[in-house]
Number of protein chains: 2
Amino acid sequence: MTFAEATAVQSVADDEYTVRVAEGWDIAGNANGGYLLAIMGRAITAATGRPDVVSITGHYLAPARPSTGRVAVEVVRSGGRHATASAMLELDGRPTLVALATVTDLADAVGPEQIDAAVPELPAPDDCVAFSPSGDGPGPPSFASQVEMRLHPEDASFAEGRPSGRARMRGWFRLRDGERADSLALVLATDAFPPTIFNADLPVAWTPTVELTAHVRAAAPPGWWRCAFRTRFISGGYLEADGEIWDGSGRLLAESRQLALVPRG
Amino acid sequence: MTFAEATAVQSVADDEYTVRVAEGWDIAGNANGGYLLAIMGRAITAATGRPDVVSITGHYLAPARPSTGRVAVEVVRSGGRHATASAMLELDGRPTLVALATVTDLADAVGPEQIDAAVPELPAPDDCVAFSPSGDGPGPPSFASQVEMRLHPEDASFAEGRPSGRARMRGWFRLRDGERADSLALVLATDAFPPTIFNADLPVAWTPTVELTAHVRAAAPPGWWRCAFRTRFISGGYLEADGEIWDGSGRLLAESRQLALVPRG
């Protein structure tokens, strides 16, 4: 199933959509958070008629099992370059994810450029480690079979039980089978990689997302995307994971940050 | 007027509050974005009975002039440690700010600790530059008279027309007159400093916030807070500003990120 099919929304009333949380986009039965947020973005872009998310935030209310659901969108502002909307996903009548997004057409995005950051270092895709659902590590997520991911060799050994000791995860991402990517595929990519905590030397396996925010900073290009996620602060029962997604030629495509729970040991 | 007074909310119906966007918390007539988001947090903590915001996102829909308004809260989940709610601020019947937050009691926050970050370097408060409304620089915001801010000397010369050339702003923050701070004062602090763009060497003076997200990572302590904001990517008509707030003894209190528009020259 393509990403476009797995995130399709069907209008059933004004600003109301039926959606399918598809089989196979889950990790141990729970739908991937970036995938769910992309569905919300799909409904919001449909309701507002703007093709690209520039900022989207989701707060995760309950685990999402594959099923048919409903997204209700409320457009709270529309005018000029941007529209803003909230959305609620209900599965089996249960509030599952609430989101807030501002959308635009990134084809119109122009402005001065000043970059104070380095492209994340990453061996070429063929010199990285394919992250596939056939591994034996934490997971293996069936979600990983839906997209192509190649991990930085330094960050991949967690799968053999040897975390690097630094809460990072770097790698390449692309959709399968040459499917054309859009800004919602960037949202997907912000939560696609194994959790950074897998490389922290802590006895924590499961960090449910409280909130995920993605900023899309450029139209999504074809090809591999260079991704880097890191966690600097594990404290007080929470951690943040900051993500950057760049294209192959060194242009920032998206930034993300999520707040996750660190369950008490 | 204290911060508590300036963010007070009065219940008028179930999950509905009258609020006052107070005079003097504005910059050239428009209320400060962190101040407005703190008002939303106040209404959400009141509606949910949880004292602390852990993650709050606001999308800014229109400039806010000082006036009386109304905040409607919708609690979408409540149970266990967290509650999640959305909120809409209307001023003169006009949607002005929409927010989404997850709240908790940070007194209950415990977990393993692993930090991979350095405390922002900053001279002592008395060796920094008081940022006050009597200056001649960009602004001067009357907002700055409501709180105490001391800027890193390297980042303060923008006010004399000499930007540092790096889009950073570092300094100390505290509430005035020994007022006791709470997690919403941390939200305020994430948007209190002059914009990072004032130190970029670009002919851009005005960068309206599209979206601001703050994570509160520890209960707010008294005293000066060590703050650092930086912008790494000015591109495509947008910029992000990332913030960190630490206490005086080197503990992270909050992280923030905002997305702002960079108007076409």
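This is a predicted model: local features need pLDDT of at least 70, side-chain atom pairs count only at pLDDT 80 or more; totals for chains, interfaces and linings use all residues.
Chain A contains 4 helices and 17 strands. Its radius of gyration is 18 Å, close to the 18 Å given by the globule rule for 265 residues, so chain A is as compact as a globular protein of that length. Along the principal axes, the C-alpha atoms of chain A occupy a box of roughly 50 × 45 × 40 Å. Of the 265 residues in chain A, 56% are buried. When contacts in chain A between residues at least 6 apart in sequence are considered, 70% of them connect residues at least 24 apart.

The two chains are related by symmetry. Chain B is superposed on chain A by a rotation of 180° with 0.0 Å of shift along the axis, at an RMSD of 0.0 Å. This relation is that of a two-fold axis.

The contact between the chains involves 49 residues from chain A and 49 residues from chain B. On the side of chain B that touches chain A, 24 residues are nonpolar, 14 are polar and 11 are charged. Because 100% of the interface residues of chain B are also interface residues in chain A, the copies meet through the same surface.

Strand pairing also occurs between the chains. Strand β15 of chain A, residues 233-235, pairs with strand β9 of chain B, residues 114-115, in the antiparallel sense over 2 bridges. Within this pairing, A:F233 has B:I115 of β9(B) as its bridge partner.

Conventions: Residues are numbered from 1 along each chain as its sequence is written. Chains are lettered from A and ligands numbered from 1 in the order in which they are written. Two residues are in contact if their C-beta atoms, placed from the backbone, lie within 7 Å. Ala, Val, Leu, Ile, Met, Phe, Trp, Tyr, Cys and Pro count as nonpolar, Asp, Glu, Lys and Arg as charged, and the others, Gly among them, as polar. Two strands pair if DSSP finds at least two bridges between them. Copies are superposed by least squares on the C-alpha atoms of residues with pLDDT of at least 70 in both. The radius of gyration is taken over C-alpha atoms; the globule rule is 2.2 Å times the number of residues to the power 0.38. A residue is buried if 20 or more other C-beta atoms lie within 10 Å of its own, exposed if 12 or fewer, and partly exposed in between; C-beta atoms are placed from the backbone.
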